[in-house]
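This report describes one protein chain in plain terms. Please look over the sequence and the structure before reading on.

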Amino acid sequence: MRKIFKLRIIFILVFMVILSSTLVYSKQPQVSENSPAVDFTLPDIKGKKYTLSSFKGNVVLLNFWATWCPPCRYEVPMLDRIQKEYKNEKFKVVAVSLDSDVNSLKEYLKSVSISFLVLSDSKGSVGYIYNILAIPTSFLIDKKFIVRKIYLGILPEKEFKKDLEKWLKD
């Protein structure tokens with residue numbers, strides 16, 4: 001009889017843990033196409049803090065990546081080209097590094113020349129909010145702060161430019 005009672009208590013505790021984690025997760029903002037972008041504040045490698053919503057009024061490519069990710073490193077020069085090509089438009093590339101070691105990020109950035117903003121999410125909190133399951137992952141955010149497109153994997157440059165030009169006109 002005691003064994004059944006203990007099993008019931010364990011079952012109830014497990015159920016409560018699952019229920020509470022579900023409730024916590026459900027309170028997290030869900031980022032999807034045509035939903036508002038979730039605002040955040042992160043530092044760059046020098047410690048200066050930036051808030052995503054400060055770029056409202058621009059079309060933003062929010063890119064999640066890491067220095068240890070070969071496809072991400074492959075994508076960096078393309079992001080730089082796109083930022084330079086559209087520098088006179090209301091467009092910004094904001095790259096969020098998910099490197100847990102900020103020194104690795106600093107060393108990598110010394111070795112490359114880039115013209116876009118790189119922020120550090122060393123704890124992965126913003127990556128969690130944006131539900132990043134694979135990198136690179138990018139979000140095209142319009143001038144009104146709405147996520148218009150999500151790109152999983154390396155950004156398809158031609159498709160992205162077509163999408164970008166559409167949202168720059170809006």
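Are Phe91 and Phe160 buried or exposed? Phe91 is buried, and Phe160 is buried too; buried means under 20% relative accessible area, exposed over 50%, and partly exposed in between, with a 1.4 Å probe and protein chains only.

The model is predicted: local features need pLDDT of at least 70 and side-chain atom pairs count only at pLDDT 80 or more, while totals for chains, interfaces and linings use all residues. Residues are numbered from 1 along each chain as its sequence is written, and side-chain values use heavy atoms, with hydrogens and water left out.

## The chain as a whole

The chain has five helices and seven strands. Both are DSSP runs numbered from the N terminus: helices are H or I with at least four residues, strands are E with at least two. Along the sequence the pattern reads α-β-β-β-α-β-α-β-α-β-β-α. The chain holds 170 residues, and 39% of them count as buried. Its accessible surface is about 10,400 Å², with 59% belonging to carbon and sulfur atoms; such areas come from the Shrake-Rupley method with a 1.4 Å probe, and for residues only the protein chains shown count as cover. Of the contacts between residues at least 6 apart in sequence, 70% join residues at least 24 apart, where contact means heavy atoms within 4.5 Å.

## Aromatic pairs

A pair of aromatic rings is described by the distance of the centres and the angle of the planes. The whole structure contains eight aromatic pairs. Rings of Phe, Tyr and Trp (its six-membered ring) pair if their centres lie within 6.5 Å; planes under 30 degrees apart count as stacked, over 60 as edge-to-face and the rest as tilted. Two of the pairs are listed here.

| Pair | Centre to centre | Angle between planes | Class |
|---|---|---|---|
| Trp65 and Tyr108 | 5.7 Å | 55° | tilted |
| Phe91 and Phe160 | 6.1 Å | 50° | tilted |

Trp65 is in strand β3 (residues 59-65) and Tyr108 in helix α3 (residues 102-111), so this pair links parts of the chain 43 residues apart. Trp65 is buried because its relative accessibility is 2%, and Tyr108 is buried at 8%. Phe91 belongs to strand β4 (residues 91-97) and Phe160 to helix α5 (residues 157-169), so their pair ties together parts 69 residues apart in sequence. One aromatic cluster is formed by Phe40, Phe64, Tyr130 and Phe139.

## Helices α2 and α5

Helix α2 (residues 70-85) packs against α5 at an angle of about 30°, and the axes are 12 Å apart. Axes are lines fitted to C-alpha atoms, for helices over the stretch in contact, and angles run from 0 to 180 degrees between N-to-C directions. The two helices are therefore roughly parallel, a term for angles under 35 degrees. Met78, Arg81, Ile82 and Glu85 in α2 meet Glu157, Phe160, Lys161 and Leu164 in α5.

## Two buried residues

Val76 lies in helix α2 and counts as buried because its relative accessibility is 5%. Apart from neighbours within four places in sequence, Val76 contacts Trp65, Tyr108, Ile114 and Phe116.

Ile141 lies in strand β6 (residues 137-141) and is buried at 1% relative accessibility. Ile141 and Phe55 are 86 residues apart in sequence, and their C-alpha atoms are 9.9 Å apart. Beyond neighbours within four places in sequence, the contacts of Ile141 include Leu52, Val59 and Ile146.

How values were computed. Parallel < 35°, antiparallel > 145°, perpendicular 65-115°, else oblique.
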